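Reader: I would like to learn how to read a structure like this one, feature by feature. Could we go through it together?

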Amino acid sequence: MSDFLESSADRYLTFERDDWASLRASTPLTLGASELAELQGINDEIDLDEVAAIYLPLSRLLNLYVSARMDLHTVSATFLGTVAPKVPYIIGVAGSVAAGKSTFARILQALLARWPDHPKVDLITTDGFLYPNVVLEERGIMNRKGFPESYDTRELLRVLREIKSGQRDVRAPLYSHVVYDILDGEHVTVDQPDIVILEGLNVLQTAEGFTEFVSDYFDFSIYVDADEPDIEQWYIDRFLTLRGSVFQDPDSFFKFYAELSDEKAVDVARTIWREINGRNLAENIAPTRDRASLVLHKTADHRVDRVQLRRI
């Protein structure tokens with residue numbers, strides 16, 4: 001993280017926690033404790049103080065950005081003599097496995113949907129664009145699930161293209177973390193929302209040989225960051241929790257982990273991190289961090305202590 005801070009000093013405005021929190025201004029806290037609990041993922045520790053200090057200033061900033069973008073579309077339509085199309089504002093959320101980006105995206109969705117000018121906020125994840133397990137097995141990359149090559153990027157680009165062009169009823173595939181696979185024939189429908197949040201590991205990635213990237217469709221992007229030892233520990237903690245919950249489901253792809261002892265479960269989780277998730281973070285995810293519009297730096301207690309906003 002320190003290398004990133006040093007290299008990005010001229011590209012980002014850096015805010016310590018209290019300075020960032022002051023930018024909330026008069027933005028009201030529209031989430032209650034019970035609602036917040038429902039939005040949190042396994043082992044995520046977000047309280048209302050964190051929402052007030054970190055999420056509300058960001059919600060205010062994004063509300064201003066969305067309003068400005070809507071005004072720009074109106075001005076363009078006036079110049080062209082046409083009716084301004086309904087074009088959603090797209091926010092990308094990136095970060096490592098176990099960094100807390102899914103919980104972050106759900107809380108952000110709830111807060112943005114409470115602003116009066118853009119009540120319809122959709123959330124989709126890139127998990128739905130993973131190739132089915134049968135395809136991954138055929139290609140010999142089942143152990144690289146989550147790496148860039150395991151995603152149907154062309155399909156994801158098609159969906160983003162249709163959403164950004166204002167099409168109705170755009171369908172995106174669904175993924176199940178229980179069966180660890182795409183749900184055949186099931187979809188989520190995106191129908192001209194005001195805002196779309198796209199959350200995933202590699203949404204800020206570029207690739208040699210491509211002329212179109214997922215991030216081309218973003219109006220704003222966020223990277224949820226933390227030191228790797230902390231993320232690894234969060235992953236282990238989550239694995240242990242899943243062992244006693246989701247892995248107990250007879251339909252779970254990982255049900256064979258359910259009976260592991262604590263010691264063996266920790267060993268397995270560390271191995272998975274070292275051979276898969278940690279490698280993916282180092283090779284593919286972390287290198288995209290300085291492409292984000294905003295970077296949130298989390299500490300071991302899951303609290304954000306620093307925010308970096310790209311200079312505009």
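Reader: Which residues are buried in helix 5?

Author: A word on the source: this is a predicted model, where local features need pLDDT of at least 70, side-chain atom pairs count only at pLDDT 80 or more, and totals for chains, interfaces and linings use all residues. Residues are numbered from 1 along each chain as its sequence is written, and side-chain values use heavy atoms, with hydrogens and water left out. Helices (H or I, at least four residues) and strands (E, at least two) are DSSP runs, numbered from the N terminus. Buried means under 20% relative accessible area, exposed over 50%, and partly exposed in between (1.4 Å probe, protein chains only). In helix 5, the buried residues are Lys101, Thr103, Phe104, Ala105, Ile107, Leu108, Ala110, Leu111 and Leu112. That is 9 of its 12 residues, so the helix is mostly covered.

Reader: How does the span of helix 5 agree with its number of residues?

Author: The expected span of a helix is 1.5 Å times one less than its number of residues. Helix 5 covers residues 101–112, and its 12 residues should span 16 Å; the C-alpha atoms at its ends are 16 Å apart, which agrees.

Reader: What does leucine 111 touch?

Author: Contact means heavy atoms within 4.5 Å. Leucine 111, in helix 5, is buried with a relative accessible area of 2%. Not counting residues up to four places away in sequence, leucine 111 touches Thr30, Leu31, Val51, Tyr55, Leu56 and Ser59. For a sense of distance, leucine 111 and valine 190 are 79 residues apart in sequence and 19 Å apart in space, C-alpha to C-alpha.

Reader: Now the cores. How many residues does the largest nonpolar core have?

Author: In soluble globular proteins, nonpolar side chains tend to be buried together. A nonpolar core is a set of buried Ala, Val, Leu, Ile, Met, Phe, Trp, Tyr and Cys residues joined through side-chain atoms within 4.5 Å. Here the largest one has 50 residues, and those with the most contacts inside it are Ile163, Leu198, Val214, Tyr223, Tyr235, Phe239 and Tyr257. Elements giving two or more residues to this core include strand 2 (89–95), helix 7 (153–164), strand 6 (195–199) and helix 9 (262–285). Helix 9 provides the largest share, 7 residues. Apart from this core lies another, of 39 residues, among them Leu31, Leu39, Leu62 and Leu108.

Reader: Which residues is leucine 198 in contact with?

Author: Leaving aside neighbours within four places in sequence, leucine 198 is in contact with Ile91, Gly92, Val93, Ile124, Thr125, Thr126, Leu156, Leu160, Val203, Val214 and Phe218.

Reader: Which residues line the largest cavity?

Author: On a 1 Å grid over the protein atoms alone, a cavity is a set of points where a 1.4 Å probe fits but cannot get out, while a pocket is an open set with protein on both sides within 12 Å along at least five of seven lines; lining residues have an atom within 4 Å of a point. Grid points are joined across faces, edges and corners, and a volume is the space filled by probe spheres set on the points. By this rule there are 2 cavities of 30 Å³ or more. The largest has a volume of about 90 Å³, and its lining is Ile46, Glu50, Ile54, Tyr55, Gly100, Thr103, Phe104, Val224, Leu296, Lys298, His302 and Val304. Helix 4 gives the largest share of that lining, 3 residues.

Reader: What lines the second largest cavity?

Author: The second largest cavity, about 30 Å³ in volume, is lined by Val66, Arg69, Met70, His73, Val87, Pro88 and Tyr89.

Reader: Last, the backbone. Where does aspartate 169 lie?

Author: Aspartate 169 is in the loop between helix 7 and strand 4. Its phi is positive, about 50 degrees, although aspartate 169 is not a glycine. At 47% relative accessibility, aspartate 169 counts as partly exposed. Alanine 25 has a positive phi too, near 55 degrees, and lies in the loop between helix 2 (17–21) and helix 3 (33–39).
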